[in-house]
Amino acid sequence: MDPKPAFALESPAAVAALLERERYIAEEGLAVATFLALRLGRPLLLEGEPGVGKTEVARVLSKGLGVPLVRLQCYEGLELEQALYEWDHARQLLEIRLLESLGERDLDRLRAGVYREEFLLKRPILEALELGEAVLLIDEVDRTDEAFEAFLLEVLSDFQVTIPELGTLRARARPLVVLTSNRTRELHDALRRRCVYYWIDYPSLEKELRIVRARLPELPEALARKVVALVQRVRGLGLLKPPGVAETLDLAASLLALGVGDLAPEALDPALGALLKAREDVERVRRALGDLLMALG
Amino acid sequence: MTDPRILETPLLRGLLGFVGALRAEGLHPGRAQVQAWLQGLLLVPWEGEAFYLASRALLVGRKEDYAAFDRAFRRYFGHLRPKALPRPQAQGTLPVLGSGEAEGEGVLKGAYSPLERLLRRPLEGLTPGEALLLARLLAALAFPPPRFAARRRRRAPKGERLSLPATLRRALRTGGDILEARFLRPRRQAYRYYVLLDVSGSMAPYARALFLLLQALKGRGLPLEAFAFGTRLTRITPLLPLPPQEALPGLGRLAEDFAGGTRLGESLRAFLEGEGRRLGRRSLLLVLSDGLDQGDPEAVARALGALRRRVRRVYWLNPLAGLPGYAPLARGMRAALPYLDALFPAGTGEELLAFLRRLRDLP
């Protein structure tokens with residue numbers, strides 16, 4: 001608990017207002033969890049179906065708080081070097097040559113000459129620790145392996161990193177850490193226990209409508225309402241990849257771009273690709289579209 | 001006087017009992033999680049669904065456990081009725097408040113939980129049992145107490161500054177080769193709290209609740225020295241470890257001895273001359289008083305001015321300061337104002353909680 005949390009917002013309502021200023025409509029639960037993460041200096045672990053806006057939370061928070069967003073995109077086989085730091089070997093070699101050509105023969109001095117911070121390539125985690133006042137987004141943490149998770153756990157509890165050649169670098173202030181997971185793999189309990197947790201659900205109709213209105217104010221309200229109602233029904237069809245909020249926004253934007261004034265099967269068809277990302281899903285929705293639109297009235 | 005049954009069901013146990021309810025549903029939050037939960041409760045305003053949502057965010061780590069959490073929450077805190085819970089049932093099982101509660105269920109009807117209502121009520125109106133529960137809740141929420149980085153450093157395997165002597169000494173073990181660096185990091189120290197509690201006539205309705213809070217804080221290990229004052233100053237630290245049934249009558253007798261008057265300046269000077277030498281940068285001085293003083297305001301200013309230079313912070317908690325339209329007009333209060341780091345209202349549990357929160361934000 002040594003470095004103090006970097007941010008002070010006085011209430012969950014203040015967090016919600018901050019998010020809303022950046023046009024992110026948050027459930028109260030997300031505002032409360034974010035507030036606690038900020039104030040307790042704990043990482044925020046967000047889970048939810050793809051497209052519900054997990055990553056967006058980090059982006060919007062960094063904008064709202066006015067601090068840089070440092071992003072670590074996780075993938076299978078992610079190594080520490082890509083997350084933490086690497087020595088810039090090429091430049092180190094050049095430096096050695098340079099020192100030699102200047103007549104430097106002392107081995108210790110050569111060594112000291114190349115293990116300096118300027119030859120350190122800082123990767124996201126180190127960068128965020130150094131900035132302190134930053135949002136560190138560790139995106140899709142479920143894609144890494146367990147060893148990397150254990151390492152993350154260590155960094156997230158101490159907020160310091162030891163570089164053998166340089167010593168220990170500590171965060172001056174705690175960055176806000178946001179972890180997202182799509183649950184392709186179960187995260188370890190120890191990591192979960194360390195975090196403030198929130199499951200982002202699909203929004204209710206009213207909430208999703210507010211999101212669409214906030215993001216696409218030029219879309220007529222009646223049309224927006226129909227689009228949202230349609231998507232909410234499509235989610236109930238049991239598709240392979242149910243559309244998230246991001247897809248709702250894509251569909252609405254496509255309709256705007258296509259100049260569609262009202263929802264009709266023919267008008268909708270070309271825009272379905274914005275909503276659905278699997279061929280089988282497109283087929284299914286296309287068949288059901290007439291009924292779906294009828295039900296909307 | 002105090003109902004012993006309430007003594008056996010303190011609110012803290014009530015809160016921690018929820019962890020037991022979670023276990024019954026198969027959830028096992030870790031100790032660090034429970035601690036973060038209590039800390040989180042200290043931070044969130046207990047409004048709307050924040051209590052429920054904060055508890056869930058800190059005690060649950062996966063969506064699959066939401067349902068079990070909701071069942072436990074409904075069973076345990078049924079009266080909180082968060083909107084997010086599908087079917088709220090009014091089945092409060094938290095054994096908290098005394099039965100003779102005047103502003104009944106009908107008025108607020110589930111708008112606030114008993115805990116929240118307890119926090120909002122004036123301290124003077126609390127029954128002894130309620131005051132005790134409140135004290136334990138506040139003490140539970142106030143922990144761990146703030147620590148500050150001391151000037152002196154200690155050696156540590158990790159830290160921010162290299163300790164060359166320690167590194168070299170360590171290197172002797174390996175024949176002079178430096179294999180392991182040793183560092184220095186600042187010591188973390190707890191503040192020492194000096195509390196002056198006004199027990200004169202005008203403060204009598206509040207003194208009991210405030211004393212119970214001091215007891216609860218001390219009971220959790222807060223380094224705290226307490227003094228009661230009216231016409232004189234008496235050290236009451238020895239009363240703090242006693243059970244309330246024994247300690248409170250002792251406090252009452254003191255108040256009677258003082259025959260209701262307040263001589264603030266003299267009491268402060270007595271404190272200065274007695275404990276004054278032991279004060280230092282680790283010390284926080286808290287004065288709990290309404291500032292109604294029959295003594296010399298000049299003496300208040302002189303003594304407090306001298307104390308101010310000897311401690312890190314001087315805070316004044318005044319039970320009246322939160323009342324609408326309050327202005328610090330009482331003579332003692334007015335004389336003290338220039339020497340305070342802050343004046344806090346302390347008339348309800350909520351106000352005390354706000355003060356404890358501020359305390360935690362101390363550097």
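Reader: What does the model score for ipTM and pTM?

Author: The predicted model has an ipTM of 0.82 and a pTM of 0.60.

Reader: Where in chain B does pLDDT stay under 50?

Author: pLDDT is a confidence value given for each residue. In chain B it averages 77, and 77% of the residues score at least 70. It stays under 50 over residues 1–10 of chain B, a stretch with 16 contacts beyond four places in sequence. Residues 79–112 of chain B also have a pLDDT below 50, and the model gives this stretch 55 contacts beyond near neighbours in sequence.

Reader: How many salt bridges are there over all chains?

Author: A pair counts when a side-chain nitrogen of Lys or Arg is within 4 Å of a carboxyl oxygen of Asp or Glu. By this rule there are 36 salt bridges over all chains.

One of them joins the side chains of A:Arg71 and A:Asp139, with 2.8 Å from N to O. A:Arg71 belongs to strand β2 (residues 69–73) of chain A and A:Asp139 to strand β5 (residues 135–139) of chain A, so the pair ties together parts 68 residues apart in sequence.

Reader: Is A:Asp139 buried or exposed?

Author: A residue counts as buried under 20% relative accessible area and as exposed over 50%. A:Asp139 has a relative accessible area of 2%, so this residue is buried. A:Arg71 has 38% relative accessibility and therefore counts as partly exposed.

Reader: Which parts of chain A hold A:Glu149 and A:Arg185?

Author: A:Glu149 is in helix α8 (residues 146–158) of chain A, while A:Arg185 is in the loop between β8 (176–181) and α9 (189–194) of chain A, 36 residues apart. Their side chains meet in a salt bridge of 2.7 Å, N to O. A:Glu149 is buried, at a relative accessible area of 3%.

Reader: What links A:Glu208 and A:Arg235?

Author: A salt bridge between their side chains, at 2.8 Å from N to O. A:Glu208 lies in helix α10 (residues 205–215) of chain A and A:Arg235 in helix α11 (residues 221–235) of chain A, so the pair links parts of the chain 27 residues apart. Both ends count as buried: A:Glu208 at 0% relative accessibility, and A:Arg235 at 13%.

Salt bridges can also share partners, and in this way A:Glu47, A:Arg183, A:Glu186, A:Asp189, A:Arg192, B:Arg62 and B:Glu64 are joined into one network.

Reader: Which residues touch the most other members of the largest nonpolar core?

Author: A nonpolar core is made of buried nonpolar residues joined through side-chain atoms. The largest one has 146 residues, and B:Phe18 and B:Trp37 touch the most other members. Helix α10 (residues 204–219) of chain B supplies the largest share of this core, with 10 residues. Another core lies apart from it and has 31 residues, including A:Leu219, A:Leu223, A:Leu263 and A:Leu268.

Reader: How many helices and strands does chain B have?

Author: Chain B has 15 helices and 9 strands. Of its 363 residues, 55% are buried.

Reader: What share of the contacts in chain B comes from residues 24 or more positions apart?

Author: Among contacts in chain B with a separation of 6 or more, the share is 74%.

Reader: What is the accessible surface of chain B?

Author: The accessible surface of chain B is about 16500 Å², and 51% of this area belongs to carbon and sulfur atoms.

Notes. Residues are numbered from 1 along each chain as its sequence is written. Chains are lettered from A and ligands numbered from 1 in the order in which they are written. This is a predicted model: local features need pLDDT of at least 70, side-chain atom pairs count only at pLDDT 80 or more; totals for chains, interfaces and linings use all residues. Side-chain values use heavy atoms; hydrogens and water are left out. pLDDT is the predictor's confidence in each residue, from 0 to 100. Contact means heavy atoms within 4.5 Å. Helices (H or I, at least four residues) and strands (E, at least two) are DSSP runs, numbered from the N terminus. Buried means under 20% relative accessible area, exposed over 50%, partly exposed in between (1.4 Å probe, protein chains only). A nonpolar core is a set of buried Ala, Val, Leu, Ile, Met, Phe, Trp, Tyr and Cys residues joined through side-chain atoms within 4.5 Å. Accessible areas come from the Shrake-Rupley method with a 1.4 Å probe; for residues, only the protein chains shown count as cover.
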